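Hi everyone, thanks for coming. Let's look at one model together, starting with the ligand and then moving on to the aromatic rings.

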Amino acid sequence: MSFGDEGSVDLQVKSKKRVVDHGEVFTAQREVNAMLDLVKHETERIDSRFLEPACGDGNFLVEILRRKLDVVDSRYRKSQSDWELYSVVAISSIYGVDILEDNAMECRKRLLGIYTERYSNLFKKDCKDDCIRSVEFILSRNILWGDALDFTNPITKEAIVFSEWSAVTGNMMKRRDYVFKFLVEQTHQFSMFNDEGNAATIDEPIRDFPMTHFLKLGQDD
Ligand SMILES: C[S@@+](CC[C@H](N)C(=O)[O-])C[C@H]1O[C@@H](n2cnc3c(N)ncnc32)[C@H](O)[C@@H]1O
């Protein structure tokens with residue numbers, strides 16, 4: 001048992017039925033930390049991409065976001081615009097899928113909660129709605145309800161599509177969408193995009209979006 005984002009007690013099991021049907025047993029904070037410490041350097045790299053293909057309500061992803069935001073805070077807290085840009089890059093590097101819709105929704109909510117708490121603690125009334133909206137949009141694209149075994153939504157059977165985000169130049173970001181199944185089959189592992197954001201070895205995107213200011217993401221979607 002461990003403590004949740006708002007000091008509540010985290011339970012590792014929600015119901016016996018969910019354990020039987022979906023193997024849903026959440027990882028305790030101590031084990032999450034121990035496992036992430038094995039790749040500590042990557043968890044502290046702001047743009048290092050992580051995908052959890054059975055993310056539950058986000059125990060690993062939440063801790064990864066905390067670690068990345070610690071680095072953003074330590075480097076950029078004196079400049080609001082830099083903090084906003086690098087925190088959006090941090091959020092955009094975190095991906096998750098879960099077969100249970102409520103888990104995926106809860107995971108998004110927890111990540112957003114951690115983000116908004118940090119942001120408002122630092123910049124209070126100067127926080128921008130546009131920044132929160134960009135973060136919400138990224139989370140809606142990165143944390144998905146889906147079956148990681150057949151790469152589709154369990155009800156609609158539509159293919160899972162992930163967005164690759166790259167900070168290109170200045171305050172602009174580039175979005176390219178890829179079919180999850182293809183990413184996995186091309187690489188034979190759950191690696192997403194390479195560090196240079198170069199998709200040449202995995203496939204062509206199914207959609208390529210114009211560069212957009214990081215505070216305007218999703219506004220034309
Ligand atoms: C053992 S729990 C781990 C949850 C989370 N990773 C953690 O460590 O707290 C397994 C999770 O996988 C999800 N799951 C089971 N089968 C899945 C599938 N085929 N695709 C995606 N998620 C799946 C369950 O809903 C559950 O949330």
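A quick definition before we start: a polar contact is a pair of N or O atoms within 3.5 Å; within protein, one must be able to donate a hydrogen and the other to accept it, and residues adjacent in sequence count only if both atoms are side-chain atoms. With that in hand, a backbone N or O atom of Ala 148 sits 2.8 Å from a nitrogen atom of the ligand. From the side chain of Asp 147, an N or O atom is 2.8 Å from a ligand nitrogen.

Please keep in mind that this is a predicted model, where local features need pLDDT of at least 70, side-chain atom pairs count only at pLDDT 80 or more, and totals for chains, interfaces and linings use all residues. Residues are numbered from 1 along each chain as its sequence is written, and side-chain values use heavy atoms, with hydrogens and water left out.

Now the rings. How many aromatic pairs does a search of the whole structure find? There are 10, where rings of Phe, Tyr and Trp (its six-membered ring) pair if their centres lie within 6.5 Å, and planes under 30 degrees apart count as stacked, over 60 as edge-to-face and the rest as tilted. Trp 83 and Tyr 115 have ring centres 5.6 Å apart and planes at 45°, so this pair is tilted. Both residues, Trp 83 and Tyr 115, are buried (under 20% relative accessible area; exposed is over 50%, partly exposed in between, with a 1.4 Å probe and protein chains only). Ring pairs also join Trp 83, Tyr 115, Tyr 119 and Phe 123 into a cluster.

Phe 151 and Phe 180 pair edge-to-face, at 5.3 Å centre to centre and 85° between the planes. Phe 151 and Phe 180 are buried too.
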